[in-house]
Amino acid sequence: MARGPIESVLCGQRVEAVDGGYRLRVELTEGLAVTVRNDFRLTGPRAVQHFYPGLTTAPVAGLTGLVGTVVTAVRVSPAGTLELDFDNGRTIAVPPELAPGGPAEAWRVSGPAGPLFTSVPGGYLSV
């Protein structure tokens, strides 16, 4: 099956850093980054962790354990949910719907020149 644009950009990239705060930022090779402003979950072989960036996100062991891993698969559902799979068996899933009064975008993929893909309200994807 052919890869879509977002998969072509992210698959094979290595995680170089993970930063928290009022958003999650996953920095990848080639100057790419995934920024998450919506609530999200991190699933692994034995556990599921839920994160709420609106309340701050500290990069705990599950998230910092992504440093050095490689993105193996990327999916964006028709509703706009972003899922990133990593070679350590973990997955980040970010739903598209934002809480009332929340940020204007659930997630964004950026490169050195600026935004590449952005989830916008209503589950739409801006390219």
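User: Leaving aside neighbours within four places in sequence, which residues is Asp 39 in contact with?

Analyst: Phe 51, Tyr 52, Pro 53, Val 94 and Pro 95. Keep in mind that this is a predicted model.

User: Where does Asp 39 lie?

Analyst: Asp 39 lies in the loop between E3 and E4.

User: Buried or exposed, or something in between? What is the relative accessible area of Asp 39?

Analyst: The value is 32%, so Asp 39 is partly exposed.

User: And how far is the C-alpha of Asp 39 from that of Trp 107?

Analyst: The two C-alpha atoms are separated by 9.8 Å. Along the chain, Asp 39 and Trp 107 are 68 residues apart.

User: What about Asn 38, where is that one?

Analyst: Asn 38 is also in a loop, the one between strand E3 (33-36) and E4. Its relative accessibility is 5%, so Asn 38 counts as buried.

User: What does the side chain of Asn 38 reach?

Analyst: The backbone oxygen of Pro 95, at 2.6 Å. Pro 95 also turns up in the contact list of Asp 39.

User: Switching to aromatics. How many aromatic pairs are there?

Analyst: The count is one. The pair is Phe 40 with Phe 51.

User: Why is that pair called stacked?

Analyst: The ring planes of Phe 40 and Phe 51 are at 15°, and planes under 30 degrees apart count as stacked. The ring centres are 4.9 Å apart.

User: Which parts does the pair tie together?

Analyst: Two strands. Phe 40 lies in E4 (residues 40-43) and Phe 51 in E5 (residues 48-51), so the pair links parts eleven residues apart in sequence.

User: How many bridges pair E4 and E5, and in which sense?

Analyst: Four bridges, in the antiparallel sense. A hairpin of four residues joins E4 to E5.

User: Which residue in E5 stands opposite Thr 43?

Analyst: Val 48.

User: Zoom out. What is the strand order in the open sheet?

Analyst: E5-E4-E8-E7-E6. That makes five strands, with antiparallel pairing.

User: Which strands stand at the edges?

Analyst: E5 and E6 (71-76). Each has a single partner strand, so one side of each is left without a neighbour in the sheet.

User: By how much are neighbouring strands turned against each other?

Analyst: By 15° on average, direction ignored.

User: And the E6 end, how many bridges join E6 to E7?

Analyst: Five bridges join E6 to E7 (residues 82-86), and the two run antiparallel. Within that pairing, Ala 73 stands opposite Asp 85 in E7.

User: Now charges. How many salt bridges does a search of the whole structure find?

Analyst: Six.

User: Which residues are linked in a network of salt bridges?

Analyst: Arg 75, Glu 83 and Asp 85. The side chains of Arg 75 and Glu 83 meet at 2.8 Å, N to O.

User: How accessible are Arg 75 and Glu 83?

Analyst: Arg 75 has a relative accessible area of 35% and is partly exposed. Glu 83 is at 21%, also partly exposed. The cut-off for buried is under 20%.

User: What does Arg 25 form a salt bridge with?

Analyst: Glu 27, with the closest N and O atoms 3.4 Å apart. Arg 25 is partly exposed at 28% relative accessibility. Glu 27 is partly exposed as well, at 31%.

User: And Arg 108, which partner does it have?

Analyst: Glu 105. The closest N and O atoms of that salt bridge are 2.9 Å apart. The side chains of Glu 105 and Arg 108 also make a polar contact at 2.9 Å.

User: Where is the place of Glu 105?

Analyst: In the loop between strand E8 (91-94) and strand E9 (107-111).

Technical notes. Residues numbered from 1 in each chain as written. Predicted model: local features only at pLDDT ≥ 70, side-chain atom pairs only at ≥ 80, totals over all residues. Heavy atoms only, no water. Phe/Tyr/Trp six-rings, centres within 6.5 Å; stacked < 30°, edge-to-face > 60°. Buried < 20%, exposed > 50% of the residue type's maximum accessible area, 1.4 Å probe, protein only. Polar contact = N/O pair within 3.5 Å; in protein donor to acceptor, adjacent residues only side chain to side chain. Pairing = 2+ DSSP bridges. Contact = heavy atoms within 4.5 Å. Axes fitted to C-alpha atoms, helices over the stretch in contact; angles between N-to-C directions. Salt bridge = Lys/Arg side-chain N within 4 Å of Asp/Glu carboxyl O.
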